[in-house]
Each structure stands twice: as structure tokens, then as C-alpha cells.
Amino acid sequence: MDLQEISVQLQAGKAKIVKTLVQQALDEGIPAKQILEEGLLSGMSIVGDQFRSGEIFVPEVLVAARAMNMGAALLKPHLAGEVQVKGKVCIGTVRGDLHDIGKNLVKMLMEGKGLEVIDLGTDVAPETFIKTAIEQDCSIIGCSALLTTTMGVMEEIVKAAEAAGIRDKVKIMIGGAPVTEAFCRQIGADAYTPDAASAADQAVAYCS
Ligand code: B1M
């Protein structure tokens, strides 16, 4: 099967067709990672370019995002690897930010590596990250931000962890399109990773 077709249908926001094609690709024995990268992520990347250039608008992006999430949900059990729980992570998209596709992928791949992940959702206040990390005894706080206007909240989370006295007990991992390694160093977070797979690897390394 041509994975390009998944990308095309995702761009058109055809969630049901995307779901059917993803299932078909799985049935044909195509690895889930390949379906994710060459079908879903490739389609979402084109959607991102079209949104940037003003060719499409928020409603079109939303339906594409829905198709992406439906397809990714089908892949989830196939991306899972080891089942043994190695550590606990609380993850969320920071306050003021509603983008959750990347965060959901990071969560999915972390779970696939055997980590327990508490998903705080989107628009998460710094105090919610900290409260959850304390109450649930998380060894990692994962923060996602897609907007240049919200990435600054990550610094608030680092400072809130210091103020709560848990900074030495918890690793703070950050990511999202505008985030960089230099920004990570600047705000005193522990790790920046550019994609979901490297985030999952880093989280496992912290828990080992
Ligand atoms: Co938004 N949006 N959006 N949007 N949107 C961007 C981010 C934008 C770059 C598009 C653009 O104009 N060029 C732009 C930001 C500009 C900026 O800040 N510099 C933008 C804007 C402006 C906005 C609004 C302000 C638009 C408006 O209303 N006028 C608005 C803001 C709403 C808000 O959050 N308060 C808005 C709204 C939306 C939608 C709701 C329509 C929708 C989100 C739907 C949803 O998430 N459920 C949406 C989308 C889909 C996008 C684009 C097109 C795609 C984002 C995406 O899902 N990418 C995006 C353009 C782009 O990024 N090219 C854009 C696919 C996803 C798999 O990638 O999230 O980067 P990503 O995640 C990657 C890595 O970054 C990394 O791993 C993931 C997978 O490998 N990663 C981590 C992510 N989190 C990580 C955490 C980690 C480690 C790695 O550790 C914990």
C-alpha cells in the first residue's frame, strides 16, 4: 500500500478514511513506525506548511488534527514495546497552549517504552505540573509548547519546581516546535529533545 495516500487523506481531513487506511497498512504488515512517519506525520507536516502560508485556516487544520489523532490511536498498541513500568512521567502542554498532537505522540512512545504517563492535557498551569509530580511521585515532568508566546511558561515550571523543593528529585524535559537546546539551557530545564522518539529514549535513560 502507498502510505502517501494516508498523508493525502489526512490533509483532506478524512478521518474515517485515514483510520481505514492505517488499519489496512497494519494488516499488510507495514511497521507502525513507518506508517506514523511516512503517512500521518508527513501529512501533518504539509498541513503545517499550508497553515503557515495562509493556504488553509484553523478549521481545516482541526479536521486534519482529528484525522491524525484517530490514525495515531490505532497505531498506539503497535508502537508499544516493553510492558514493564520503569518510571512515572507527568506530561502536558503548557498554560495558554492548546496544541496536543505532538504531546500525545510523546506520551504514546513513552508508554511504548514501558513508562507510566499521566497526561495533564493542554493549557496546564505550572502549579498543576508541580502538584501532580509531588502527589504522584513522578520522576519526570514533560512540557510541550508550540507557540513562541507560551514557551516561556516552561521557565515558570522550572522555577516552581525549585520553589517547591523538588528540583533535585524531578527531571524537567521540554519540547515542541519553537523550543531549542539553547532555550533549554537558558531556563535551566534538564533536557530538550526534538521529537517523540528521542523524548521517549531520554525519559527511559532518566528512569534507568
Ligand atoms: Co497552531 N500554530 N495555532 N493550531 N499549529 C502552529 C504551532 C504555528 C507554527 C503555525 C504557523 O502559523 N506557522 C503557529 C505558531 C507561531 C508561533 O508561535 N511562532 C500557530 C498558531 C499561530 C496558532 C494560533 C494562535 C492560530 C490562531 O488562532 N490564530 C492558535 C493558538 C491556539 C492556542 O494554542 N492557544 C492555533 C491553533 C491551532 C489548532 C487548534 C487549529 C491546531 C491544534 C490542534 C491540536 O493540537 N489538537 C493547530 C495546529 C495543528 C498547528 C500546526 C499546523 C501543526 C502542529 C502539529 O500538531 N504538528 C502548527 C504548524 C507547525 O508546527 N508546522 C501550528 C505535528 C506534531 C506531531 O508536531 O507538535 O511539533 P509537534 O510535536 C513534535 C515535536 O515538536 C516534538 O515531538 C513531536 C513529534 O515528533 N515534541 C516534543 C512536542 N512536544 C514535545 C515534548 C517533549 C519532547 C518533544 O518533551 C516533553
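Is T193 buried or exposed? Keep that in mind as you open the structure, which is a predicted model.

**Stop 1: T193**

Select T193. You will find T193 in the loop between β5 (191–192) and α9. Buried means under 20% relative accessible area. T193 has 10% relative accessibility, so T193 counts as buried. Now show what touches T193. Leave out neighbours within four places in sequence, and T193 is in contact with M173, I174, G175, S198, A199 and Q202.

**Stop 2: the ligand**

Select the ligand next. How many residues surround the ligand? There are 34, and the closest are L98, H99, D100, S144 and T148.

Zoom in on three of these contacts.

- L98: a polar backbone atom of L98 is 2.7 Å from an oxygen atom of the ligand.
- H99: an N or O atom in the side chain of H99 is 2.7 Å from a nitrogen atom of the ligand.
- S144: here, too, look at the side chain, where an N or O atom is 2.8 Å from a nitrogen atom of the ligand.

Now colour the shell around the ligand by residue type. The shell divides into 20 nonpolar, 10 polar and four charged residues.

Which elements supply at least two residues each to this shell? Select α3, α4, α5 (101–112), β3 (140–144), β4 (171–175) and α9 (196–207). Of the shell, α3 gives the most, with five residues.

**Stop 3: helix α2**

Select residues 15–27. This is helix α2, with 13 residues. From first C-alpha to last, α2 reaches 18 Å, close to the 18 Å expected at 1.5 Å a residue.

Now pick out A15, V18, L21, V22, A25 and L26, the buried residues of α2. They cover an arc of only 140° around the axis, which puts them on the same side of α2. An α-helix has 3.6 residues a turn, so residues three or four places apart point the same way.

Turn to the other side of α2. There, K16 and D27 are exposed. What covers the buried residues of α2? The cover includes α1 (4–11), α3 (32–52) and α4 (58–79).

Step just past the end of α2 and select G29. Its phi is positive, at about 85°.

**Stop 4: helix α6**

Select residues 126–135, which form helix α6. Which residues of α6 are buried? They are P126, F129, I130, T132 and A133. Look down the axis of α6: the buried residues fall within an arc of 165°, so they line one face of the helix.

Next, show what covers the buried residues of α6. Among the covering elements are β1 (88–93), β2 (116–119), β3 and α7.

Just after α6, select D137. D137 takes a positive phi of about 55°.

**Stop 5: E155**

Select E155. Why does E155 count as partly exposed? Partly exposed runs between the 20% limit for buried and the 50% limit for exposed. E155 has 29% relative accessibility, so E155 counts as partly exposed.

In sequence, E155 and F183 are 28 residues apart. In space, they are 9.4 Å apart, C-alpha to C-alpha.

Definitions and conventions:
Residues are numbered from 1 along each chain as its sequence is written. This is a predicted model: local features need pLDDT of at least 70, side-chain atom pairs count only at pLDDT 80 or more; totals for chains, interfaces and linings use all residues. Side-chain values use heavy atoms; hydrogens and water are left out. Helices (H or I, at least four residues) and strands (E, at least two) are DSSP runs, numbered from the N terminus. The expected span of a helix is 1.5 Å times one less than its number of residues. Buried means under 20% relative accessible area, exposed over 50%, partly exposed in between (1.4 Å probe, protein chains only). The arc is that of the directions from the helix axis to the C-beta atoms. Contact means heavy atoms within 4.5 Å. A residue is near a molecule or strand if one of its heavy atoms lies within 4 Å of it. A polar contact is a pair of N or O atoms within 3.5 Å; within protein, one must be able to donate a hydrogen and the other to accept it, and residues adjacent in sequence count only if both atoms are side-chain atoms. Ala, Val, Leu, Ile, Met, Phe, Trp, Tyr, Cys and Pro count as nonpolar, Asp, Glu, Lys and Arg as charged, and the others, Gly among them, as polar.
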